[in-house]
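Hi,

Here is the structure I promised to pass on.

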Amino acid sequence: MPIASARDYSLESADVNVTVFPEGIVHVQESLTYHFDGTFSEVYRQIYPPPGGSIGNIQGYCDVESCDFYVTDIYGGYELVGRLPSPTPEQVTFTTSYDYYGGLKVYNDVSELHYKFWGDEWEKPLNDLSATVTILPANGSDITYWIHPNDYTKTATINGNKIAVQADEIPANSWYEIRAIFPRLTSPDSRYVTLYDQNAKFQIFSTESQYALKQKALYLVFMVFALLALSLLLAPFYLYFKYGREPDIEYVAIYERELPYDSRPAVVNAMMKDDVGVPTIDGFAATVMDLIHRDYLSIDDSDPGDIVLHINGSEREKGDYPGLLDFEQDVLDLIISHSDGSQLHWKEFQSKLKKGTSFYTFINSWNKKVKAHIDLEKLFIEKGAKKMDYFAGVLFLIALLSLFAVPWLGDSSAYPIIEKLGFMPIIIAVVSPIVLVLNAKYRTVLGRWTPEGKLYMERWKNFKKYITDFSDLKAHPPGSVKLWDHYMVYAMALGVAEEALKNMSVIVPKEQFQTSHFHNRVYVTGYSSDFSHAYQVSAPKSSSGGSHGVGGAGGGFGGGGGGAR
């Protein structure tokens, strides 16, 4: 079998120019420079409209010949694609432009632009960012602005009505934004802006002051608690060597070509993740797929833009479906409760889940029900992890004596210093809770599998290898499309649904592949991300109302992500 050549790309620079027109339309032009090592066919940029708003006048091009530009719809937004020539150029600058309608907020006392220059969906770091914001309806003396998080900022200046920003490297999955306020538009039009019948200037200044105060406090604690943090840094190593090393077992198989255990997909997901016993959103998505596979639901994708779930046996009452465990019944009941009794439109379902906090509450309760079906004591020993809990908790209490003035330390995406402390624990007041959270999430590091638990984990790992290894799948394919579908459910639970579906689409004859429940890549790979987004949106917010934003916590529109493929 030929060896695939290695390939990679980097994001060298981004040049972002934002213009606020007098009527309130926000025009954006971006130029992203990619450096390629290997063969790539496309560069792409994903953009999303502001809440309640829209995007128009989308255009794009590359600085190389034979680079075709096109736009496709994705869930909640658009994907802007530049098709690259062959061979792949070493460097390409991809330029896009578009208009945001409803992005500018207009209150009774001020107008507000809260825009992400860079979104947290990029999987690569950005080496350099240059940005300008030109506010045509105002001049320099009337504009007040803030940059979040300021840790990345190299320079930020204002000249007349133009703000110029230079930023150093922005890490992967991190965002960078500007918030600017200026006098209220004289005659705002709801076609172009979002109107709020309330004052906001005082609240915005208050939020930004709190953000700046927290940032200064974090840096002060960094200097004071360096020595105490060193002990917290060394403790995990000691506990790992004493309690965390795994037992040896007699198991030498390379692949598992059948399901190794009769475990529900959500249980497998919970056991195979670092936070042992707690499922991720992939486990929830896999349970939905399992209900489809087991014919409690059926899916109609004849119109890819309007996917419909049909409830089989819809004449039954909620909770009256035999053969389901309690957490599976809860998922089916959730779907039924959002349906018209017989069917449910996928986009409408996702929209409903994002309203209020009920889905967030549901998932947290659902996780506990899944965990109740796992005999953790039989499979996993937590002694080392529990000792780390105790040690970090004691140090945290000590730190609280000096940190009582800091109500909370905030989000690491808004305060990058917290992420640094997670790798170099120096501030006890931050590192202790972070260690507690990480220790809760990654129990397998300081805890230890029992021999039975180790075998369980290794067999599922080998099944995961099997469904993602094209060569072995081709040589030993599942015997039917129905069995493929069953394996796809577990691929979702194991976090490799997209790769498994790709293999399935190549190996299974096209006519048979079309009979699969899960032949449509768009919605299969979108299951988990749709539910993850709904879970995040439905989480309780520290403040309510669209008027206030969230200051240094990433409240701006724009952002999005992109990459190369």
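**The sheets**

Four strands make up an open sheet in the order 5-6-3-22, and their pairing is antiparallel. Before I go on, this is a predicted model: local features need pLDDT of at least 70, side-chain atom pairs count only at pLDDT 80 or more, and totals for chains, interfaces and linings use all residues. Residues are numbered from 1 along each chain as its sequence is written, and side-chain values use heavy atoms, with hydrogens and water left out.

Strands here are DSSP runs (E, at least two residues), helices are runs of H or I (at least four residues), and both are numbered from the N terminus. Two strands count as paired if DSSP finds at least two bridges between them.

Back to that sheet: its edges are strand 5 (68-74) and strand 22 (561-564), each of which pairs on one side only. From one strand to the next the twist averages 15° (axes are lines fitted to C-alpha atoms, for helices over the stretch in contact, and angles run from 0 to 180 degrees between N-to-C directions). Strand 5 and strand 6 (residues 77-83) run antiparallel and are joined by seven bridges.

Strands 1 and 10 run parallel, with seven bridges between them; Thr19, for one, is partnered with Thr134 in strand 10.

**Salt bridges**

Side chains of opposite charge can pair when their charged atoms come close. I counted a salt bridge when a side-chain nitrogen of Lys or Arg is within 4 Å of a carboxyl oxygen of Asp or Glu, and by this rule there are 19.

One of them joins Lys124 to Asp8, at 2.5 Å from N to O. Lys124 sits in the loop between strand 9 (110-118) and strand 10 (129-135) and Asp8 in strand 1 (residues 8-20), so this pair ties together parts 116 residues apart in sequence. Asp8 is partly exposed, with a relative accessible area of 38% (buried means under 20%, exposed over 50%, partly exposed in between, using a 1.4 Å probe and protein chains only).

Glu30 and Arg45 form another, at 2.8 Å from N to O. Glu30 is in strand 2 (residues 26-37) and Arg45 in strand 3 (residues 42-47), so the link spans 15 residues of sequence. Glu30 is buried at 2% relative accessibility, and Arg45 is buried at 2% too.

Glu458 and Lys454 meet at 3.3 Å, N to O. Both lie in helix 13 (residues 451-468), four residues apart, or about one turn of the helix. Lys454 counts as buried, at 14% relative accessibility. Finally, Arg264, Asp290, Arg294 and Glu328 are linked in a salt-bridge network.

**A look around Leu353**

Which residues does Leu353 touch, leaving aside those up to four places away in sequence? They are Leu334, His338, Phe359, Phe531, Ala534 and Ser538, with contact meaning heavy atoms within 4.5 Å. Leu353 belongs to helix 6 (residues 346-353) and is buried, at 2% relative accessibility.

Cheers
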